[in-house]
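Subject: Structure for you to look at

Hello,

Please take over the structure below. My notes come after it.

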Amino acid sequence: MTPGGSLAARAAATPGAAGCSERQAVWQSGKVTLYRYRPIARPLVSAPLLIVYALVNRPYMMDLQEDRSLIRGLLSEGLDVYLIDWGYPDGADRFTSLADYIDDHLAGCVQQILKAHLLDELNILGVCQGGVLSLCFSALHPQRVKNLITMVTPVDFHSPADLLSKWTRNIDVAALVGDGNVSGDVLNQLFLSLMPFRLTQQKYVDLVAGSPDKASLENFMRVEQWIFDSPDQAGAAFREFVTWFYQENRLAQNRLEISGRKVDLRDLRVPILNLIGKRDHLVPPAASLALRALVGSKDYTALEFDLGHIGMYISARAQHEVPAAIAKWLASR
Amino acid sequence: MRPDPWQQWQAFSALFTPGAPASPPGSGHHDASSFAPFADLTERFNAAARAYFDGAANAPAPAAADAARSFSDSLRELFADIQLPWNLSAGSRALGASPIDPMNSPALGATREHQLRAQRMADAWRRVEEAQRRLQRMGADALREAAATFASGLATSPPPAPSAAALHKLYGTWVDCAEDAYSRAVHGEPFCAALAEYVNASSAWRKELQASVEQSAKLLDLPTRSEINTLTQRLAGVENELRALRQKHRPEPAAGTVKRARRKAKP
């Protein structure tokens with residue numbers, strides 16, 4: 001086998017979209033798959049941890065490579081980790097709503113885990129948009145949640161530095177979506193447009209100028225693959241999310257209803273850990289910090305890290321700090 | 001064939017390494033072009049920077065200022081065609097075109113409905129182009145502001161000795177200036193309004209286009225998206241009813257089989 005062939009074989013075996021940690025699909029419903037990760041350390045707490053990732057990107061960012069894996073860090077701390085993979089919505093999912101995601105898919109995953117462990121409550125870690133879904137679920141079903149962790153999660157969608165919110169405020173979302181899905185390519189363009197000089201040029205120029213070694217180039221390409229691996233968004237859920245959260249800020253204003261039931265964050269009395277990236281350009285810190293004033297929980301902790309949005313999952317610093325902080329917080333509750 | 005980034009990178013590096021051995025056939029050399037735009041950007045930036053160094057080094061103040069201005073103008077040109085969604089060319093223009101300008105034709109007769117649709121489509125496209133021009137103007141203004149900031153920064157200190165590190169630092173400084181100016185522009189109300197108009201007009205145009213395509217599909221007795229949507233919604237309704245029935249008849253867990261997760265006492 002040639003060196004190139006060997007590398008290509010290794011690249012083919014590179015975890016990539018599957019992540020790097022050993023896991024098993026334990027439940028499936030439509031395109032949604034629930035994974036359980038193989039424990040690699042002595043159990044720290046009794047309740048399992050369910051990671052609820054965003055709909056707008058793929059969840060393997062949480063387990064990108066061995067030395068950059070939030071999931072591996074959590075496993076190393078002795079947590080029993082589950083992850084929801086929402087899959088890639090297609091034309092048949094265009095009418096899938098937020099209620100479907102929260103009441104059917106997320107609730108189904110929770111039910112499956114509770115049944116398997118003979119428990120009646122678990123820990124939830126909601127990431128970015130997944131944090132918003134987790135907040136909604138936890139407010140609607142507080143009896144199922146032992147502890148709630150939100151990570152780079154927007155709550156007040158009208159904070160002054162929120163560029164996405166400003167851009168979407170006057171867009172006719174119903175017309176944009178029509179009866180279809182929203183292309184992942186469109187979302188990629190949107191995210192790149194937030195910082196175009198850095199995201200479409202500088203990072204590549206830096207790569208060219210930096211003479212990377214093989215490992216760092218492979219790291220770069222893995223992140224690159226993830227960034228542009230953007231699923232199309234189920235049209236109805238996208239329309240609801242942009243309208244209800246970005247435009248009308250219903251969650252922060254206590255006006256949100258899912259399936260006719262009010263999502264009142266004051267009903268959230270479980271312990272809450274809110275993890276915030278101080279340099280997050282997608283979810284400004286103020287958007288996350290607003291959570292404290294809205295929840296009913298008296299056990300609320302906010303931890304701010306000097307990291308950006310993606311750095312919260314994959315930076316070397318995050319690997320040392322974030323899983324340990326989560327484990328320490330969970331272990332004390 | 002699965003592309004190998006490392007092979008591509010090596011092939012790309014070889015292009016710039018004097019005396020490097022030629023790559024074997026099929027090594028991925030031909031794929032090195034994926035890096036080429038950024039190498040080109042680097043080269044053009046370096047050329048502009050070298051001209052600045054040559055013009056500013058040991059020159060009297062007015063000449064140094066001229067060199068700085070010329071450098072920042074080059075950067076404006078260099079970055080003017082940055083890829084943003086609203087800068088993409090209107091490739092679908094032909095779809096909205098008509099041999100007769102539908103905007104100036106009265107909608108009469110049996111095809112009146114289709115004429116009106118074509119007029120709405122043309123009007124939406126006019127709005128798209130107008131919003132696109134506004135966005136591009138604001139982008140150009142931001143670049144002008146960035147160039148001015150960059151030039152004034154250069155004027156405050158003598159140019160460093162030309163080196164790869166100095167060039168990279170200058171590039172980083174320019175990107176900082178460009179992002180700052182861009183950020184100020186895109187947070188502003190005029191930009192947000194123009195962007196919303198661009199998206200809304202595009203949506204209106206697409207809606208009319210979809211209606212035209214459906215009309216053609218009906219003529220050929222092909223299923224339309226609207227018909228498939230109707231079927232999808234009916235199926236979803238049946239699924240929801242089935243789920244509700246299952247939920248209603250799901251047996252409750254036997255008493256004593258579920259335990260609460262242990263909760264530690266608060267510290």
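The notes start with conventions, then cover the sheet, the helices on it and the contact between the chains.

This is a predicted model, in which local features need pLDDT of at least 70 and side-chain atom pairs count only at pLDDT 80 or more, while totals for chains, interfaces and linings use all residues. Residues are numbered from 1 along each chain as its sequence is written, and chains are lettered from A and ligands numbered from 1 in the order in which they are written.

Chain A has an open sheet of eight strands with mixed pairing, in the order 1-2-4-3-5-6-9-10. Strands are DSSP runs of E with at least two residues, helices are runs of H or I with at least four, and both are numbered from the N terminus; two strands pair if DSSP finds at least two bridges between them. At the edges, strand 1 (23-29) and strand 10 (300-305) of chain A each pair on one side only.

Within the sheet, strand 6 (residues 145-151) and strand 9 (residues 272-277) of chain A are parallel, with four bridges. L148(A) has I272(A) of strand 9 as its bridge partner. Helix 14 (residues 316-331) of chain A packs on the sheet and touches strand 5, strand 6, strand 9 and strand 10 of chain A. Contact means C-beta atoms, placed from the backbone, within 7 Å.

Between the chains, 47 residues of chain A are in contact with 47 residues of chain B. Helix 8 (196-209) of chain A gives the most to the chain A side, with ten residues.

Regards

Key: Two residues are in contact if their C-beta atoms, placed from the backbone, lie within 7 Å. Axes are lines fitted to C-alpha atoms, for helices over the stretch in contact, and angles run from 0 to 180 degrees between N-to-C directions.
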